[in-house]
Amino acid sequence: SIVWNPLRSNFDGIRAPRLTPYLSAGVGLSWVRINRDYSNFNPAYFGSESWVVTGLNADIAHRTPRLLPVIAVGAGLKYELTPQWSLTADASYRFTFSDYLDGFSQAANPTLKDRYFSTSIGIQYKIGSDRGIKCPVVRN
């Protein structure tokens, strides 16, 4: 993933603020174990010839995925406790390439792929230091 932190530029010797926002984007794989449950489905409500019933039968015959490729975009905050330790909080939205994240596609809306949102709180430990990095200064 790529993280952009607009306030974190201490290559020029200026100490950045302790609380900084960041944006992130990346690609990845989600490992899922889908438990398809349609035990409370009432086919009489929709009628036996309904597209929902037909779609449910097609979904039951379709195998659910174990790995899903995802594209993630997110934003967060990082609070530096020490130069090595930080607290983070972020939110991200993941776009999948499958419509079977919930186990159903044809019985719901097969034209749209599934997506999901997540939030996290974490602790980061930075290995190494910035002193050894000799990056050129960007000037306008």
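Modeller: Happy to! Let's start with a pair of residues facing each other: Tyr93 stands opposite Phe117 in S5. Keep in mind that this is a predicted model. The pairing around those two is antiparallel, with 11 bridges between S4 and S5. On to the other partner of S4: S3 and S4 also run antiparallel, and 11 bridges join them. A hairpin of 4 residues leads from S3 to S4, and Glu80 has Ser86 in S4 as its opposite number.

Now for the surface. Leu19, Leu77, Tyr79, Leu81, Trp85, Leu87, Ile123, Tyr125 and Ile127 make up a nonpolar patch, and their accessible area together comes to about 950 Å². Strand S3 (67-80), strand S4 (85-96) and strand S5 (115-125) each give two or more residues to that patch.

Among contacts between residues at least 6 apart in sequence, 63% join residues at least 24 apart. Of the 140 residues, 25% count as buried. The protein exposes about 10400 Å², and carbon and sulfur atoms supply 60% of that area.

Terms used. Residues are numbered from 1 along each chain as its sequence is written. This is a predicted model: local features need pLDDT of at least 70, side-chain atom pairs count only at pLDDT 80 or more; totals for chains, interfaces and linings use all residues. Side-chain values use heavy atoms; hydrogens and water are left out. Buried means under 20% relative accessible area, exposed over 50%, partly exposed in between (1.4 Å probe, protein chains only). Contact means heavy atoms within 4.5 Å. Accessible areas come from the Shrake-Rupley method with a 1.4 Å probe; for residues, only the protein chains shown count as cover. Patches are made of residues with over 30% relative accessible area and no salt bridge: like charges are joined within 9 Å, nonpolar side chains (Val, Leu, Ile, Met, Phe, Trp, Tyr) within 5 Å. A salt bridge is a side-chain nitrogen of Lys or Arg within 4 Å of a carboxyl oxygen of Asp or Glu. Two strands pair if DSSP finds at least two bridges between them.
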